[in-house]
Amino acid sequence: MELLRRVAYDRAVALGLAPDQARLLADAVLGGVIVGWDVGAPRDDGQSPSSDRREDGPS
């Protein structure tokens with residue numbers, strides 16, 4: 001996980017963000033991955049959480 005954070009930070013700095021902004025963005029990216037990882041993890045019954053979601057849109 002530290003590698004992902006470092007890559008996000010380095011990219012943000014390379015794009016011109018100030019170090020404080022780059023740290024904030026890197027933390028946000030890492031947090032999003034961790035939350036997404038947890039959301040995408042199979043439940044105890046083996047089903048993906050996404051199978052409970054209703055997709056709204058054209059039928």
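Predicted model: local features only at pLDDT ≥ 70, side-chain atom pairs only at ≥ 80, totals over all residues.
I began with A28, which is partly exposed, with a relative accessible area of 49%.

Next I looked up where A28 sits, and its place is in helix α2. I also checked A28 against R5: the two are 23 residues apart along the chain, and their C-alpha atoms are separated by 9.1 Å.

R5 took me to α1. I find that α1 has 13 residues and reaches 18 Å from its first C-alpha to its last, close to the 18 Å expected at 1.5 Å a residue. Which residues of α1 are buried? I list R5, A8, Y9 and A12. Looking down the axis of α1, I see these buried residues within an arc of 100°, so they line one face of the helix. A handy reminder to myself: an α-helix has 3.6 residues a turn, so residues three or four places apart point the same way. On the other side of α1, I have L3, R11 and A14 as exposed.

Then I turned to the core. The largest nonpolar core has five residues, and I noted them as A8, Y9, A12, A22 and A26. Two elements give two or more residues to this core, α1 (2-14) and α2 (19-40). I see that α1 gives the most, with three residues.

I followed up on A12. Leaving aside neighbours within four places in sequence, I find A12 in contact with L17, A22 and L25.

My last stop was the residue G16, which follows α1 and has a positive phi, near 105°.

Technical notes:
Residues numbered from 1 in each chain as written. Heavy atoms only, no water. Core = buried A, V, L, I, M, F, W, Y, C linked by side-chain atoms within 4.5 Å. Buried < 20%, exposed > 50% of the residue type's maximum accessible area, 1.4 Å probe, protein only. Helix = DSSP H or I, 4+ residues; strand = E, 2+ residues; numbered from the N terminus. Contact = heavy atoms within 4.5 Å. Expected span 1.5 Å × (residues − 1). Arc of directions from axis to C-beta.
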